[in-house]
Amino acid sequence: MSTRNVPELFASYTFNDSVMKERLPKAVYRSLRDTIDNGTPLDNDILDEVATAMKEWAVSLGATHYTHWFQPLNNGTAEKHDSFIEGNQDRGVMMEFSGKALLKAEPDASSFPSGGLRSTSAARGYTAWDCTSPAFVKDTPDGTKVLCIPAAFESYTGDSLDMKIPLLRSCDAINRESKRILKLFGKEPRRVKTSVGAEQEYFVVDLEKYKQREDLELVGRALFGAPAPKGQEMDDNYFGRISDRILVFMNDLNDELWKYGILSKTQHYEVAPGQCELAVIYNDTNIANDNNQLVMELLQNLAGRHGLACLLNEKPFAGVNGSGKHNNWSIATTDGENILDPTDTPETNIQFQIFLAAIIAAVDKNAELLRASASSVGNDERLGGNEAPPSIISVYLGEQLGDMVNQIIEKGSAFNAIKAKTFDAGVETLPQFKMDATDRNRTSPFAFTGNKFEFRMVGSTQPVAQPITVLNTIVADELRAAADILEAADDFESAAKDYIRSTYTKHKRIIYNGNGYSEEWVKEAEERGLPDITCMVDAVKYYTTDETVALFDRMSVMSRVELEARAAVMYEIYAKAKNIEAQVMLDMASREILPAVLKYQGTLAKEAVDIKSVGIDPVVQKDIIEDITVKIVRLKEAIHKLADKLIEARQYEGDVEKWARFFHDEVNSLFAELRRPSDELELIVAKNAWPVPTYKELLFDL
């Protein structure tokens, strides 16, 4: 598809506002827009007319089926396709779609991860149309098209079984509490929304080589592999020239994303060889989450059409950059005011200072919970590694805001602010322009970047909903506390300044503008009392503390059972993922690597016999054979040890927390023990005798 007419292409497969305005009766359109824009209850009387218009639009694009497209707790999406066909053999068929079918469907709730909320004998669950996220028509290379209706997924008992419902509730909480603060400044916007712009990092490798690696196919990362002779140490990959093959793939991807109304803006090579990044312009948080799910799906689908495989895992290759999903998060009113814009005079902008204080307090008080929200199996391998922030939560404010906060703490008010500099390269032909008032810090997990915060800790496979639900909720709770104080004050301005100063003073320990990669920061963070949670298994428990339960209950975002269910699902995902990794390692080591090495050793032994037969001492061959023998013994011992541990792990399957803990404490370390002799053997065995593509072939042969 040509990209030359982008305005015509953009959102052409999306049931967006312009389509609704064109196809819906005016009264129906106004009612639906009122629900979307203002959060008023959906009028069931308009459902049939909306469903008919949506069906006719989808059929005009070639759709024959529809599905409620939802996001269960497995971090992916789910869909069950139903055709529009109604009728019988005698009368023929018609393409029909009712308001009832649009409103809800009933997938099996027991067949998705539920953390104990649903049992096999209690299967009923409901998907419900989310009208605030546009429906879209998804197609395939063979022309099959299906109408996808974004939907929430809830248990028969009323508990959420998905990522969307808590996210939407958290957006309501931010709206509710932000409006309380803004009202004190004489402002009454219709709605306050959070927005997210997600930067998606990913790797691409050749598809045929990918298919030759069981670990890449089943796990998404290389469990074996010696480093290539060259990695990223020359700093020549980041923003490097994009190869023709990858650029064609990226352009095809842009066409698809634009077709679905996804604001794909930036594409480039990342730090590691074979690594790329896609950045999407910010959008309403709920839509941004849905869009990112579609981005991940399209990345993997389209890569295959180009003879490539897309790896979304946070750490697909050891020793080089891992992949994150930087969530650029902000708060704005429907009137167009960005609440996190400090303006040119942040030192006198009391409204901004209150919101900033609430965010700083929220992050400091809930650092463990925020760390848990950015936890995934792959992110454990990434955090603290190449080009990834540390596992210690801190807030970067930069020079301007950092100085303002210090002034307020020390003097009660800020009297001036660091102003933006002018770019001047000292070359007359180069332009001069106003620079930002502060630098950026890519080592910070939570950094202010001008008029938003960038949550850099989030892993590349994680849905946007997971961390943003937590972020919205903790900030809303702090805004609630601030509003309680300020609404009761006799002197608002004095109370506001007291709140700002006391909050900055109490939570200044979380602010860090230095190098988050340094060992010095780890020591300093410990002295400050900041938590350093290095693994997912240690983080998950913070979803179910009494403090977390009370917080989510106050904000009406999740109940205790919903939080406990999510924790259980996370433990289960960790244990199962590690079990799969271990099984794949055993399979590759026993059935591919070991036989190949033994065969190569046999070839060397035969050569040694042949050389000796002509009177030459095969000293080199003997040295290599002995070296291989030592490493084979270690490899075989590691295979047995890991296999025995997997048998031992079965006893914990009935308790997901103990099961996950066992894999982390007892099994995880054995991966390196098994990998080490294999990677050493890779550097000894002839290239043409090694059974799987190497790092060099995967990362550089594109």
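Ground rules. This is a predicted model, with local features needing pLDDT of at least 70, side-chain atom pairs counting only at pLDDT 80 or more, and totals for chains, interfaces and linings using all residues. Residues are numbered from 1 along each chain as its sequence is written, and side-chain values use heavy atoms, with hydrogens and water left out.

Helices (H or I, at least four residues) and strands (E, at least two) are DSSP runs, numbered from the N terminus.

Start with strand β11, residues 275-280. Is β11 mostly covered or mostly open? Mostly covered: 6 of its 6 residues are buried. Buried means under 20% relative accessible area, exposed means over 50%, and partly exposed is in between, with a 1.4 Å probe and protein chains only.

In a regular strand the side chains alternate between the two faces of the sheet. Look at β11 with that in mind. Gln275, Glu277 and Ala279 point one way. Cys276, Leu278 and Val280 point the other way. All of them are buried.

Now the partners. Two strands pair if DSSP finds at least two bridges between them. Strand β10, residues 264-269, pairs with β11 in the antiparallel sense over 5 bridges. Within that pairing, Tyr269 has Cys276 of β11 as its bridge partner. β10 and β11 make a hairpin, with 5 residues between them. Gly274 sits in the turn, with a positive phi of about 80 degrees.

Strand β9, residues 192-206, is also antiparallel to β11, and 5 bridges join them. There, Glu199 is bridged to Ala279 in β11.

β9 has another neighbour. It pairs with β14 in the antiparallel sense, over 9 bridges. Ser195 stands opposite Ser330 in β14. Asn328 has Glu454 in β19 as its bridge partner.

On to the helices. Two packed helices are described by the angle between their axes and the distance between the axes. Here, axes are lines fitted to C-alpha atoms, for helices over the stretch in contact, and angles run from 0 to 180 degrees between N-to-C directions.

Helix α11, residues 350-365, packs on helix α15, residues 465-487, at about 125 degrees, with the axes 8 Å apart. That makes α11 oblique to α15. The cut-offs: under 35 degrees is roughly parallel, over 145 roughly antiparallel, 65 to 115 roughly perpendicular, and the rest oblique.

Who meets whom? Contact means heavy atoms within 4.5 Å. The α11 side includes Ile354, Phe355 and Ile359, and the α15 side includes Ile474, Val475 and Leu479. By class, this contact has 11 nonpolar, no polar and 2 charged residues. Ala, Val, Leu, Ile, Met, Phe, Trp, Tyr, Cys and Pro count as nonpolar, Asp, Glu, Lys and Arg as charged, and the others, Gly among them, as polar.

Last, single residues. Asn291 is in helix α10, residues 285-305. It counts as buried because its relative accessibility is 13%. Beyond neighbours within four places in sequence, Asn291 contacts Gly261, Ile262 and Asn283.

Ala11 is not a glycine, yet its phi is positive, near 60 degrees. Ala11 lies in the loop between α1 and α2. At 10% relative accessibility, Ala11 counts as buried.

Ser556 also has a positive phi, about 55 degrees, and is not a glycine. Its place is the loop between α19 and α20. At 52% relative accessibility, Ser556 counts as exposed.
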